[in-house]
Amino acid sequence: MHDIRAIRENPAAFDAALARRGLSPLSSDVLALDEARRAAIRAAETAQAAQNAASKEVGAAKARGDDAEFERLRALVAEKKAEVAAMTAEAGVKDGELRDMLLRIPNSPLPEVPEGADEAGNVEIRRWGTPRTLDFAPKEHFDIAGVKPGMDFATAAKLSGSRFVVLRGAVIRVHRALAQFMLDTHVTEHALTETWTPVLVKEEAMYGTNQLPKFAEDSYQTTNGWWLVPTSEVTLTNTVAGDVLDEATLPIRMCAHTQCFRSEAGSAGKDTTGMLRQHQFEKVEMVSITRPEDSLAEHARMTACAEAILEKLELPYRTIVLCTGDMGFGATKTHDLEVWLPGQNTYREISSVSVCGDFQARRMNARFRRAEGKPEFVHTLNGSGLAVGRCLIAVLENGQQADGSVDLPAALHPYLGGKTRISATGALE
């Protein structure tokens, strides 16, 4: 959420940041509502002062027997009391309207973020690995012979509808191995603290990490008001909501493996076949809480953590910086990792690592205290480390052989009891 004081002090800079995202100026609307709120507060304070003064005089008028003045003052006190209540209520309404407006405005991009209207404006910054040269036509994951027995979309549709899958046998073994491998790597090599969190959260947690109010249709809400998390970014980041942390505890680095749930409301017609875009999926998420001056270095570190997983799995990928028009709502800068998928003959997103500045911290009131000075807002970062289902797709497609079998990365062999491949008939061998 934006700092209203910063908008008051430099409305032009606020509008310039919105313009970089392709949005119209909003400072005049924000400041008009802010002034209405402040005017109502001033009116309430003035009425309260008049009420207090009249209240003091009521007793004096009564003591000297001035009944007329007593009645006049008593009526004035009642009038001012009603005025205070009305102005306080008006200020509350305006405060709510201002907060709702600010909650719907995206974060400001950092100056180094490239300009662009959409994904065409993204900038590749590095590439790792070389896609295999195949002497056969590669298939997408769901068409590989050895994968078909373990990837059942028909049964999932019977159970739940479209964009679900039932995994069995060797395929789910590899899926589970991937999640375990990611967690172990992040904990033992990247010094992240493994955390287990709920997948049902209160509404304020969704507000804290900017899923609400703007993106309500992208998530699922239960009948009793809980929300199913679209990512454990929601829970991990909100662990510090409302806290004032000691500076010495920062940075806080966490990871979690959870189920994730997304309605995919804006993806009608996109990736309707296969596992690429599902309503329910698993992800290993990374979250860091830092001091403001450390957040960009932490962003680079988190990106490297995600890249390391792909490199250990021998999966070619590229790292890109998202442009202003493709960046997520809460991000001030984002790196996307795109993994090579031979079946689609292209790179597809497998991780998004974002630094959010104090945007989420303001929504959550998450702060830290230095040795001297007032508490300051922390900076928050989040990133996939990685999306397990998409990583499974990449492992299957990059390891596919001409006969329909799949060779599995060496990093997974210890997690599969020494097994190294999926046969063309779907057996783990």
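Trainee: What is the volume of the largest cavity?

Mentor: The largest cavity has a volume of about 30 Å³, and a search of the whole structure finds one cavity of 30 Å³ or more. Here a cavity is a set of points on a 1 Å grid, over the protein atoms alone, where a 1.4 Å probe fits but cannot get out. Its volume is the space filled by probe spheres set on the points, which are joined across faces, edges and corners. Bear in mind that this is a predicted model: local features need pLDDT of at least 70, side-chain atom pairs count only at pLDDT 80 or more, and totals for chains, interfaces and linings use all residues. Residues are numbered from 1 along each chain as its sequence is written, and side-chain values use heavy atoms, with hydrogens and water left out.

Trainee: Which residues line the largest cavity?

Mentor: Lining residues have an atom within 4 Å of a point. For this cavity they are Arg132, Leu134, Trp340, Pro342 and Asn398. By class, three are nonpolar, one is polar and one is charged. (Ala, Val, Leu, Ile, Met, Phe, Trp, Tyr, Cys and Pro count as nonpolar, Asp, Glu, Lys and Arg as charged, and the others, Gly among them, as polar.)

Trainee: Which residues are closest to the centre of the second largest pocket?

Mentor: A pocket is an open set of points, with protein on both sides within 12 Å along at least five of seven lines. Of its 24 lining residues, His2, Asn107, Ser108, Thr332 and Asp358 are the closest to its centre. The lining comprises 13 nonpolar, eight polar and three charged residues. Helix H2 gives the most to it, with three residues. (Helices are DSSP runs of H or I with at least four residues, strands are E runs of at least two, and both are numbered from the N terminus.)

Trainee: How do I read the packing of H2 against H3?

Mentor: Two packed helices are described by the angle between their axes and the distance between the axes. Axes are lines fitted to C-alpha atoms, for helices over the stretch in contact, and angles run from 0 to 180 degrees between N-to-C directions. H2 (residues 11-20) and H3 (residues 27-63) pack at about 135 degrees, with axes 9 Å apart. That makes H2 oblique to H3, since angles under 35 degrees count as roughly parallel, over 145 as roughly antiparallel, 65 to 115 as roughly perpendicular and the rest as oblique. In the contact (heavy atoms within 4.5 Å), Pro11, Phe14 and Asp15 of H2 meet Ser27, Val30 and Leu31 of H3.

Trainee: How many aromatic pairs does the structure hold?

Mentor: Rings of Phe, Tyr and Trp (its six-membered ring) pair if their centres lie within 6.5 Å; planes under 30 degrees apart count as stacked, over 60 as edge-to-face and the rest as tilted. This structure holds five such pairs. One of them is stacked: Trp128 and Tyr317, 5.9 Å centre to centre with 20 degrees between the planes. Trp128 in strand S1 and Tyr317 in strand S11 are 189 residues apart, so this pair links distant parts of the chain.

Trainee: Where is Pro213 found?

Mentor: Pro213 sits in the loop between helix H7 and strand S6, joined to Leu212 by a cis peptide bond with omega of about 5 degrees.
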